[in-house]
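Please look through the following briefing with the model at hand. The points are grouped by topic.

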Amino acid sequence: MTRTVLVARLDNAGDVLLQGPLVRAVAAGADRVVFLASPQGTAAAELLPGVDDVLTWHCPWIDGSPQPVDADDLAALVDRVRALGVDEAVVSTSFHQSPLPLALLLRTAGVGRISAISVDYPGSLLDVRHRVDDDLPEPERALSLARAAGFELPAGDDGLLAVRRPLPATGQAPGYVVLHPGASVPARAWPAGHCAGAVEALTDAGWRVLVTGGPGERALTAAIAGTRGTDLGGATTLAEMAALLDGAAAVVVGNTGPAHLAAAVGTPVVSLFSPVVPAVRWAPYGVRPELLGDQSAPCRDTRARECPVPGHPCLSSVSPADVVAAVDKVVAS
């Protein structure tokens with residue numbers, strides 16, 4: 001019999017990319033892997049080696065901008081999962097999310113075996129209730145869940161992040177740095193004025209600077225690129241972004257999805273890391289990032305979406321000159 005395993009991760013693109021080792025472990029022991037992702041995470045799921053199909057669903061208890069709970073929508077998800085013939089599910093969540101509502105829906109859809117990390121008592125909702133130290137890097141935390149469910153990475157797999165290759169051609173000659181100024185959470189963004197100053201400083205240091213962003217960030221990227229940077233705001237798919245990062249000498253980015261995408265293609269990262277979440281869990285994985293930002297700032301571990309400290313000192317204290325020095329360091333290492 002064909003064994004179909006569903007892997008679920010229902011938040012943002014960066015969170016999905018961090019599931020790469022888990023997915024490859026599951027794929028090594030399954031005939032078919034279906035990834036259940038949010039609309040924001042679907043393109044990232046499509047980039048993961050080992051994923052055969054992607055199922056998109058907006059989760060009302062995990063999404064940062066949740067839609068109302070709709071009984072018909074829940075029923076439709078159950079029907080879609082049942083139609084896929086899912087035998088087993090591995091539900092991955094962040095430390096502050098519960099897997100149990102989704103486990104209930106998957107049980108209703110006839111999924112026979114479900115594994116997840118759960119602090120709460122799961123009753124009959126989970127077959128494997130995994131416990132783990134929360135201060136693990138997120139990819140290792142997820143991989144520990146796969147192992148608890150009985151899945152191991154194949155021989156020779158290094159357990160690092162990865163994307164499907166080949167990637168699209170970029171048309172860019174070597175010798176550039178990517179600056180990604182936006183962030184899905186405002187508290188994690190380097191101030192725009194500092195970003196614009198970094199474009200000038202990096203250009204003065206001899207780099208071509210490509211400024212990237214999503215479709216909703218075009219005004220931001222245009223202002224930051226100015227006359228000396230190249231504005232690519234809203235101009236790339238996620239796969240095209242991966243290709244740009246793959247060709248870069250370094251990537252300057254906050255704690256947001258493209259930091260993990262850079263790690264997945266093995267490009268050095270200058271990480272402008274706001275400590276609202278712990279760097280031990282969420283810093284770019286496997287690429288020895290140069291971490292900038294005051295990790296002991298008063299906002300530490302607050303999980304704030306908007307900076308709770310006037311002046312955003314954890315990142316406003318980082319200067320464009322600091323970034324240039326960090327780029328030089330990661331390129332030379």
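Two strands pair if DSSP finds at least two bridges between them. Helices (H or I, at least four residues) and strands (E, at least two) are DSSP runs, numbered from the N terminus. The model is predicted: local features need pLDDT of at least 70, side-chain atom pairs count only at pLDDT 80 or more, and totals for chains, interfaces and linings use all residues. Residues are numbered from 1 along each chain as its sequence is written, and side-chain values use heavy atoms, with hydrogens and water left out.

**The sheet from β1 to β6**

- Six strands make up an open sheet with parallel pairing, in the order β3-β2-β1-β4-β5-β6.
- β3 (53-56) and β6 are the edge strands; each has a single partner strand, so one side of each has no neighbour in the sheet.
- On average, neighbouring strands of this sheet are turned by 15 degrees against each other, direction ignored. Angles run from 0 to 180 degrees between N-to-C directions, and axes are lines fitted to C-alpha atoms, for helices over the stretch in contact.
- Strand β1 (residues 4-9) runs parallel to β4 and is joined to it by four bridges; V5 has E88 in β4 as its bridge partner.
- Four bridges also link strand β4 (residues 88-91) to β5, again in parallel, and here E88 has R113 as its bridge partner.
- β5 and strand β6 (residues 128-130) run parallel and share three bridges, with H130 in β6 as the bridge partner of I117.
- Strand β5 (residues 113-117) is largely enclosed by the rest of the structure, because four of its five residues are buried. Buried means under 20% relative accessible area, exposed over 50%, and partly exposed in between (1.4 Å probe, protein chains only).
- β4, helix α5 (residues 100-108) and β5 form a right-handed β-α-β unit. Right-handed means that, with the strands pointing away from the viewer, the path from the first strand over the helix to the second runs clockwise.
- Helix α4 (residues 71-84) lies across β1, β2 (32-37) and β3, at about 165 degrees to β3.

**The sheet from β7 to β12**

- Another open sheet has six strands in the order β9-β8-β7-β10-β11-β12, and the pairing is parallel.
- Its edge strands, β9 (230-233) and β12 (290-292), each pair on one side only.
- From one strand to the next, the twist averages 20 degrees.
- Strand β10 (residues 250-254) and strand β11 (residues 269-272) run parallel, joined by four bridges; V251 stands opposite V269 in β11.
- Helix α10 (residues 257-265) packs on this sheet and touches β7 (176-180), β10 and β11, with its direction at about 150 degrees to that of β10. Contact means heavy atoms within 4.5 Å.
- Helix α13 (residues 320-332) lies across β7, β10, β11 and β12, running at about 165 degrees to β12.

**Helices α7 and α8**

- The axes of α7 and helix α8 (residues 218-225) come within 8 Å and cross at roughly 45 degrees.
- The two helices α7 and α8 are therefore oblique to each other. Angles under 35 degrees count as roughly parallel, over 145 as roughly antiparallel, 65 to 115 as roughly perpendicular, and the rest as oblique.
- A192, C195, A196 and V199 of α7 meet L220, I224 and A225 of α8.

**Residue P186**

- P186 sits in the loop between β7 and α7 (192-204).
- With 39% relative accessibility, P186 counts as partly exposed.
- Leaving out residues up to four places away in sequence, P186 touches R305, E306 and H312.
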